[in-house]
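This report walks through one protein chain, from its overall make-up to single residues. Keep the sequence and the 3D view open while reading.

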Amino acid sequence: MTVPFSQRRRASARRTLLALALGAELIACIGLAQATPPGTIDYETVDTTPLRAIGRDIVAPDANTTLLFGARLSSPTPTTYEQIVFAVRDANDANFDLGHQSAYRVDASVRELTASATFPPGQYRYWLSYYLDGRWTNLAPERSFSVSAAPNGDPASTRPLGAGSNWVYTFGDEFDGAAVDWNKWADTSSAESDNGRGNPGNQQLEWNQGKNCAVAAGVLTLTAKRERVRSPSGRTYDWTSCLLSSHKRYNFRYGFIEARMKLPALAGFWPAFWTFQAPGAQQWNETDVFEYYSDNKSRLYLNQYVIKNGAEQLDSYILSIGFDPSAGYHVYGADIAPDATRFYVDGKLVRTTANVSQIDSSILVDHFVYAGKPPAASTQSAITQVDYIRAWKRP
């Protein structure tokens with residue numbers, strides 16, 4: 001995320017990568033984008049016959065949450081389906097179908113079909129399907145969702161979403177207390193060139209400080225505020241915000257790290273979940289599980305930067321996503337292994353790079369303010385929220 005030892009070289013490389021990334025022509029998938037309260041279905045218009053719209057009420061539920069599905073149907077030619085159902089499958093294609101209806105009639109008037117259920121943690125896909133004339137017909141579109149572990153459980157019993165069960169929990173925070181656990185976290189990092197809290201050479205506008213990090217109701221909230229501070233170096237910042245690093249208590253070379261987060265909606269912010277070389281390490285080693293520039297809600301940036309045999313190896317990748325990461329919580333993870341680094345979103349493997357960690361690294365989460373496309377003059381604050389951060393290793 002930020003400038004290490006060779007600040008001029010790192011900043012130049014970052015600007016070059018960013019210019020290439022932002023200039024790439026990518027087509028973003030369009031998915032469920034509006035935040036809706038539980039019980040209110042966020043419909044996606046389909047406008048085909050007989051399926052007119054399909055959706056669900058919660059973007060990323062946990063295992064204790066009842067998820068409500070909905071479909072709107074109509075047809076100019078009246079038809080009675082022998083059966084109709086919401087088809088739901090997990091990552092192993094196990095059947096979780098729900099909402100079965102028999103002798104279901106559809107005509108020119110719009111009819112709404114709904115069904116609800118809870119699901120164990122995992123990755124799922126769903127669609128609508130009907131049975132008529134001796135065969136099942138699947139109605140597009142097929143959509144996906146993830147279910148995280150229920151809150152207030154034993155973190156040691158958790159496993160990375162979508163990455164199998166052969167893991168041992170090593171570190172994490174469910175943010176169930178009344179304040180940040182400063183025994184686990186530091187609000188400074190060696191990645192920040194100005195006293196561990198600011199890095200204007202990396203296109204950051206903010207001064208990071210612990211009082212902008214708050215925990216309540218099981219959520220860590222990182223708040224960026226438009227307020228002026230002067231750092232010990234004499235530099236003036238017009239924004240404050242929050243960064244947390246695990247370097248005091250947890251550093252690792254290989255393992256899986258995961259966070260469930262809701263990202264800012266207002267433009268001008270640059271949150272990330274990432275790793276940076278442990279204090280004292282004299283080489284660049286960084287894995288960006290994701291970076292997000294809030295002026296463009298259709299992209300995540302998945303990066304890994306290492307120095308191997310004295311040479312920089314930079315792997316920067318833009319992921320087009322089919323959801324609005326500011327509309328609800330999603331799960332972001334990375335398996336940093338000796339043979340490769342694998343990136344996951346909502347339990348789905350989305351990117352593999354041959355770059356691998358070279359040294360021990362710390363876990364970081366931040367809510368930077370982006371100088372490249374700064375917040376509007378009317379924007380006074382914005383937040384990033386974190387449900388949990390977890391880390392595992394292979395046994």
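Two residues are in contact when they have heavy atoms within 4.5 Å of each other. On that basis, consider contacts in the protein chain between residues at least 6 apart in sequence: 66% of them join residues at least 24 apart. The model behind this figure is predicted.

## Overall make-up

The protein chain holds one helix and 25 strands. Its length is 395 residues, and 54% of them are buried. The accessible surface amounts to about 16400 Å². Carbon and sulfur atoms account for 47% of that surface.

## Confidence

The mean pLDDT of the protein chain is 88. A value of 70 or more is reached by 90% of the residues.

One stretch calls for care. Over residues 2-35, pLDDT stays under 50. The model still has 84 contacts beyond four places in sequence for this stretch. Where pLDDT is low, predicted coordinates should not be read in detail.

## The sheet β1-β2-β3-β6

Four strands make up an open sheet, in the order β1-β2-β3-β6, and their pairing is antiparallel. β1 and β6 stand at the edges with a single partner strand each, so one side of each has no neighbour in the sheet. From one strand to the next, the twist averages 20 degrees.

Start with β1 (residues 42-45) and β2 (residues 51-56). They pair in the antiparallel sense over four bridges. E44 faces I54 of β2 across this pairing. The two strands form a hairpin, with five residues between them. In the turn, D47 has a positive phi of about 60 degrees.

β2 also pairs with β3 (residues 67-73), again in the antiparallel sense, over five bridges. Here R56 stands opposite F69 of β3.

## The sheet β5-β4-β7-β8

A second open sheet of four strands runs in the order β5-β4-β7-β8, with antiparallel pairing. β5 and β8 (135-147) are its edge strands, and each pairs on one side only. With direction ignored, neighbouring strands of this sheet are turned by 20 degrees against each other on average.

β4 (residues 79-90) and β7 (residues 122-132) pair over eight bridges in the antiparallel sense. V85 has S129 of β7 as its bridge partner.

## S109, in the loop between β5 and β6

Where does S109 sit? Its place is the loop between β5 (98-106) and β6 (111-117). β5 belongs to the sheet β5-β4-β7-β8, while β6 belongs to the sheet β1-β2-β3-β6.

The side chain of S109 makes a polar contact of 2.7 Å with the side chain of D107. Leaving aside neighbours within four places in sequence, S109 is in contact with L73 and S74. The C-alpha atoms of S109 and P76 are separated by 8.4 Å, and these residues lie 33 apart along the chain.

T240 lies in β13 (residues 236-241). With 0% relative accessibility, T240 counts as buried. Which side chain does the side chain of T240 join in a polar contact? The partner is E227, at 2.5 Å. Not counting residues up to four places away in sequence, T240 touches several residues, among them E206, W207, Q209, N212 and T223.

T223 is found in β12 (residues 219-230). T223 has a relative accessible area of 17% and is therefore buried, the limit being under 20%. Beyond four places in sequence, T223 is in contact with N212, T240, S241, C242, H367, A382 and I383.

## The hairpin of β22 and β23

β22 (residues 341-345) and β23 (residues 348-353) pair in the antiparallel sense over five bridges. V345 stands opposite K348 of β23. The two strands form a hairpin, with two residues between them. D346, in the turn, has a positive phi of about 50 degrees.

Methods. Residues numbered from 1 in each chain as written. Predicted model: local features only at pLDDT ≥ 70, side-chain atom pairs only at ≥ 80, totals over all residues. Heavy atoms only, no water. Buried < 20%, exposed > 50% of the residue type's maximum accessible area, 1.4 Å probe, protein only. Areas by Shrake-Rupley, 256 points an atom, 1.4 Å probe, with all protein chains shown as cover. Polar contact = N/O pair within 3.5 Å; in protein donor to acceptor, adjacent residues only side chain to side chain. pLDDT = per-residue confidence, 0-100. Pairing = 2+ DSSP bridges. Axes fitted to C-alpha atoms, helices over the stretch in contact; angles between N-to-C directions.
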